[in-house]
Each structure stands twice: as structure tokens, then as C-alpha cells.
Amino acid sequence: MILANLYNKVIGFFRQTEVQETESAKETACNRLRVVLMQDRTNLTPELMERMRKELVELLSKYVEMDKDALELNLEQDGDQVALMLSIPVIRAKDEDEIKAALEAEDKEEETSEEGSDEASEDEAEAAAEEEDDDDDENIDDNLEQSSENDESEENKPDNTDEGNDKKDR
Amino acid sequence: MSGRVIVITSGKGGVGKTTTNANIGTALARAGKKVVMIDTDLGLRNLDLLLGLENRIVYTIVDVVEERCKLKQALVKDKKNPNLCLLAAAQTRDKSAVTEEQLKDICEKLKKDFDFILVDCPAGIEQGFQNAVAGASEAIVVTTPEMSAVRDADRIIGLLEAKEEIKSYKLLLNRVRPNLIKSNDMMSVDDVVEILSADLIGIIPEDTGIITSTNKGEPIVNDEKSLAGKAYNNVARRIIGEDVPFLNLEEPQGVMAKIKKFFSGLTGKEK
């Protein structure tokens, strides 16, 4: 009886330390609070974020082939500033012809030719995200950081998912 | 004399606004300041209970506003400390019985006779909050290291920042439980301060003595031995302008806590 008790205590002790290694209740609370406060402060509801995410996928797909479901868009606190963090898992960079074709098709559709740059994917993403931001909420000090990788390596995908996990753990 | 008007607010209910008000008020009065507390929680008054003055209330703030009595007649003197007064809320009326302008006016008048006017704010961010804040130029935001309280405090801070009349606000962290913080089960003082990025004016430990002191109608600052009482006294001294270090809540207080610590040390980690 006493032995069983002791055994339980020892096991319990190790379990506890194990749990603490992953995430303590305090860390969970802090992380959840940071997210919810950022939403409160910016008026960007989860629905709006999802809409922004979808529109970004649509826009960026013209330039790169990517894992559409894995594109992550998060609000993060950076000191006093709120930052929009965009993580884009690139499967393959599109070649010139593909990009041109996509752009031309769009130009025809809209009949507005603004830009035809071939490798503007980053600038474009930034500009687009900032625009979005302004539309949805003018109070945000927008500050877009992009963590996309444009090279064509096979490691791209796992790399990016790791990155996403890292962020969540922080 | 031109007194300072400080509103004590929180957003969330039950985090200890009224307890804080009663204790800071009493501590300031004990330090020789002339203090008046205004309960603006119309319909849900409690400050009178915490001070043990519930049987002495003749007129309330609504009587003053509706001119059934003079302002001075409505001020209830504390049992022990002649420096301390209470302007009670009406229990039978709702928040609309007093307007922002009227509260501002009352605060202006009281400034002439008192060093400190502490305004006890109702929970929420509706008209009751707007009224309470109207006459104040400083604020103390009370919160606890719990998610919901911190979130509501963040809302309140946002609203306070938008108010021109509020020149400064400070954070008071209530019901802190050092053992839970130590085991990483509760947000620490630093976590809350960082998340809210606000200046801290006090850290009050969770103290069962608060329950008995409320039951007796005797603020805990009158109890020299109580740790929460000491912490509240320190808050009052910081308000006056003294530079007082924060209490170290890490070490267990009292013999029982030490014995408990000894045993939990033997068995590894209990609980």
C-alpha cells in the first residue's frame, strides 16, 4: 500500500516535470492572452483574418505555387507594435511564362495594367498585405514581416511547418 | 487644498476594487491624509459594508444630487479615523440617477476639503464606469493574474487612455498566489505587467484575512500582522510619493507554511 503510494508519487513527479517541459499553464495563459488581446486591440476578428488570408493566397498564387492550406497569417506583438506575420510555404517558384500568363489573364480581365514585374512576389505580398490591413483597420501600425522562402528546395515544406510551430511555442 | 481624485476601476467584477478602495483609503487616512471615498456603484453598494459603516448612512450621493441634503451632510465619518469619510451610493436607484457632470461637480467641491478623493467604480464599461471616471484625473486599474481579469483590464486601459482628463493610470495586481506562480501554474507579476505594459503600483497577495476583515467591516490595513495589509499600506505610501520596494512574496510566511514547505520538500512534489 505504502509502496504503491510512493510509486504513484514518483511517477506523478516525473509526469509533472514532463508536462512542464512542453507548456505550463502559465505559458498557455500568456500565449492565449497575447492572441486575444491583439484581436481586441485591432478589431481584426478571426473571420476578417481568414478573409485576409484567403485573399493573400489568391494574390500570391499568381507568382508562386504554394501550399494554400499551410499559409499562415498571424498577429504578433513586437514590443509596442503589432506585427502581421505571414508564413508562406512555397512548393515551387513559377517560371517566367507562367507568371506572365497569369498576369496577362488578369490584366485582360480587369483592363488595368499596373505592373508587370516578374519577380515582384515579395514586394507585392507586402504591399497587398498592407493594403488589406489599412482597409480593415486604420489604427494598426502595420508592419509586415514576411518569412517566405523562394528557392525551390524540397526541404521547403517541412522547414516552414517547423517555423510555424516555433512561433506558436514562443 | 486641492485634492487628488483617483478612480479605482477594473472592468471585471470580483477582482477586489472595493476592497482595494477601502484599504487604500484607510491607509491614506492613517498616514494623516484627509480622505473621502465615493461609492458610485448605484444599486449595488458595498463599500459601506467593508468599512463597517452600513448602519450610519443617512444620505447618499443621490440625495446630494437631488438636493435633499448638503454635500457635507451626506459624508459619513469613519468609526476610528476622523480623517476618513464615505459618500455612499444609493441602494434603491440605478446608474442613471447621477450623471457625469454631477459627479464631476461633486469631485470639484470635495477637492477643496480633502487630500484624496477615491472613487469606487462599478464593474463594466457602461455608463457607471463613464460616470465614475468623469471627475478623476488619476486611475488605479485593479486586476488579478487571471486571463479574464487581465483581458478586461486591457479594455479598461484602452478606455482610460482615450480620456483626456486621466493624466496617469497605474496597475494594482491583486490576489497574487506566489506558490502557484512558482509552480508555473499562474501568470507571474512580470507576465501581467509585460502583457498590459502598464506601471505597477502594488502587488497584493491572496490572503484569507480579507474574508474575515470584510466580515468584521474592518479593513485589513488595520491589522499590522497581515501581509495583504502591509501590501496595501505600501500602495498608499507609493500614492503619497514615497519610494517603497515591492514586498517579497516568495518566502512562505508563518510557521504553518514553513512546516508545509518542509514536508512537501520531503515527498518531492505533492498536490
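In this predicted model, helix 5 and helix 6 of chain B cross in the right-handed sense. The residues of chain B that form the contact are B:Glu100, B:Leu103 and B:Lys104 on helix 5, and B:Gln127, B:Gln130, B:Asn131, B:Ala132 and B:Ala134 on helix 6. Sorted by class, this contact comprises 3 nonpolar, 3 polar and 2 charged residues. Helix 5 spans residues 100-111 of chain B and helix 6 spans residues 127-134 of chain B; their axes come within 7 Å and cross at roughly 30 degrees. Since angles under 35 degrees count as roughly parallel, helix 5 of chain B and helix 6 of chain B are therefore roughly parallel to each other.

Chain B also contains an open sheet of 8 strands, arranged in the order 3-4-2-5-1-6-7-8 with mixed pairing. Its edges are formed by strand 3 (75-77) and strand 8 (200-205) of chain B, each of which pairs on one side only. On average, and with direction ignored, neighbouring strands of the sheet are turned by 20 degrees against each other.

In general, the strands of a sheet pair through backbone hydrogen bonds, either parallel or antiparallel. With strand 5 of chain B, strand 1 of chain B pairs in the parallel sense over 5 bridges, and B:Val7 stands opposite B:Val119 of strand 5. Strand 1 of chain B also runs parallel to strand 6 of chain B, to which 4 bridges join it. Here B:Ile6 has B:Glu138 of strand 6 as its bridge partner. Strand 1 of chain B is mostly covered, with 5 of its 6 residues buried.

Towards the strand 8 edge of the sheet, strand 7 (residues 168-176) of chain B and strand 8 of chain B pair in the parallel sense over 4 bridges. In this pair, B:Val176 stands opposite B:Pro205 of strand 8. Helix 11 of chain B, residues 227-240, packs on the sheet. Helix 11 of chain B touches strand 1 (4-9), strand 5 (116-120), strand 6 (138-143), strand 7 and strand 8 of chain B. The direction of helix 11 of chain B makes about 170 degrees with that of strand 8 of chain B. The mostly covered strand 1 of chain B is thus among the strands that helix 11 of chain B touches.

How values were computed:
Residues are numbered from 1 along each chain as its sequence is written. Chains are lettered from A and ligands numbered from 1 in the order in which they are written. This is a predicted model: local features need pLDDT of at least 70, side-chain atom pairs count only at pLDDT 80 or more; totals for chains, interfaces and linings use all residues. Side-chain values use heavy atoms; hydrogens and water are left out. Axes are lines fitted to C-alpha atoms, for helices over the stretch in contact, and angles run from 0 to 180 degrees between N-to-C directions. Helices (H or I, at least four residues) and strands (E, at least two) are DSSP runs, numbered from the N terminus. Angles under 35 degrees count as roughly parallel, over 145 as roughly antiparallel, 65 to 115 as roughly perpendicular and the rest as oblique. A crossing is left-handed if the near helix is turned anticlockwise from the far one by less than a right angle, and right-handed if clockwise. Contact means heavy atoms within 4.5 Å. Ala, Val, Leu, Ile, Met, Phe, Trp, Tyr, Cys and Pro count as nonpolar, Asp, Glu, Lys and Arg as charged, and the others, Gly among them, as polar. Two strands pair if DSSP finds at least two bridges between them. Buried means under 20% relative accessible area, exposed over 50%, partly exposed in between (1.4 Å probe, protein chains only).
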